[in-house]
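Open the model in your viewer and keep the selection tool at hand. The tour moves from charged pairs to strands and then to rings.

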Amino acid sequence: MPPKKRTRSCLRAADSGEIDCAVDGDSAIIPSAKEANKTTGSRRKAAGSDKNGNKDTADTAPEYRHWLMKSEPESRFENGIDVKFGIEDLKALPDQTGCWDGVRNYQARNFMRQMKEGHLAFFYHSNCKEPGVAGLMKIVKEAYVDHTQFDKKDVHYDASSKPENPKWSMVDVKYQRMMKRYLPLSELKKYHQQHSTKGGPLKNLALFTRARLSVQPLTKEEFDYIQSLEDKEPFE
């Protein structure tokens, strides 16, 4: 029997004000963002994809409007489920929109909870042959309860999280476009090293200063500079 593949397709249930999220062929109704916020008593803030010992507290960083979000474009199986989700997978979803689930790092989660509709994010391919920035997406739904934390069949199930006090959140993202050229990690690292020595917008880039986070904030200056690289020749 072939391994199951998770999808990040989330569809709003008609007239119900709830979200109908399909996971492994099953459906689970979870509260809308508005209702989820009532449940927790606070605005949802974002997550990362690996657990650690960080405390469950709000991030004190300044307000950001631009982001870098990591996902794996190559097949990798956990408990018989392929966790692959690249930018082409997002592009192939209905309305090119999907829920960004499975974040299990408190700091990354808190960043996600800061996201607003209309914010832009780079779709970053990670844990692959050539990591890098693949394209652009837009936040189209602010943070709400990540249903996968309660699904025992899901690879991101968290037995310590309770429906009355959920730990993890997710946002909805919409594909915007591919980068004019793929921006590999190796090239971004060269700019980071150069700017760290001589000064420049990428000297404090979270991709290198907070490398393990799957959801990372970008200043407008960092975002604009990285975006400008797609029109330049690769760094030599």
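Which side chain meets that of Lys180 in a salt bridge? Bear in mind while you look that the model is predicted. Select Lys180 and Asp231: their side chains form the salt bridge, at 2.9 Å from N to O. The two belong to distant parts of the chain, 51 residues apart, with Lys180 in strand β11 and Asp231 in the segment after α6 (220-228).

Next, select Asp146 and Arg104. Their side chains also meet in a salt bridge, 3.0 Å from N to O. Asp146 lies in the loop between β10 (132-145) and β11 (169-184), and Arg104 in the loop between β8 (97-100) and α3 (106-113), so the pair ties together parts that are 42 residues apart in sequence. Are these two residues buried or exposed? Asp146 is buried, with a relative accessible area of 0%, and Arg104 is buried at 2%. Both values fall under the 20% limit for buried.

Now go to Arg76 and Glu78. Their side chains form a salt bridge of 2.6 Å, N to O. Arg76 is partly exposed at 29% relative accessibility, and Glu78 is partly exposed at 25%.

Switch to cartoon view and select strand β10. Of its 14 residues, 12 are buried, so β10 is largely enclosed by the rest of the structure. Which strands pair with β10? One is β9 (residues 120-125), which pairs with β10 in the antiparallel sense over six bridges. Six residues separate the strands in the hairpin of β9 and β10, where Asn127 takes a positive phi near 50 degrees. The other partner is β11, which runs antiparallel to β10 and is joined to it by 10 bridges. Here, pick Ile139 and look across to Val173, its bridge partner in β11.

Stay with the side chains for a moment and select Lys141 and Tyr144. The charged end of Lys141 sits over the ring of Tyr144, 4.9 Å from the ring centre.

The last stops are aromatic. The model has 10 aromatic pairs. Select Tyr106 and Trp168: their ring centres are 4.8 Å apart and their planes are at 20 degrees, so the pair is stacked. Tyr106 lies in helix α3 and Trp168 in the loop between β10 and β11, so this contact ties together parts that are 62 residues apart in sequence. Tyr106 counts as buried at 12% relative accessibility, as does Trp168 at 3%.

For another geometry, select Tyr191 and Phe235, an edge-to-face pair with 4.7 Å from centre to centre and 80 degrees between the planes. Tyr191 is in helix α4 (residues 185-198) and Phe235 in the segment after α6, so the pair links distant parts of the chain, 44 residues apart. Tyr191 is buried at 8% relative accessibility, whereas Phe235 is partly exposed at 23%.

Finish with Tyr64, Trp67 and Phe111, which form one aromatic cluster.

Terms used
Residues numbered from 1 in each chain as written. Predicted model: local features only at pLDDT ≥ 70, side-chain atom pairs only at ≥ 80, totals over all residues. Heavy atoms only, no water. Salt bridge = Lys/Arg side-chain N within 4 Å of Asp/Glu carboxyl O. Buried < 20%, exposed > 50% of the residue type's maximum accessible area, 1.4 Å probe, protein only. Helix = DSSP H or I, 4+ residues; strand = E, 2+ residues; numbered from the N terminus. Pairing = 2+ DSSP bridges. Phe/Tyr/Trp six-rings, centres within 6.5 Å; stacked < 30°, edge-to-face > 60°. Lys NZ or Arg CZ within 6 Å of the ring centre and 35° of its normal.
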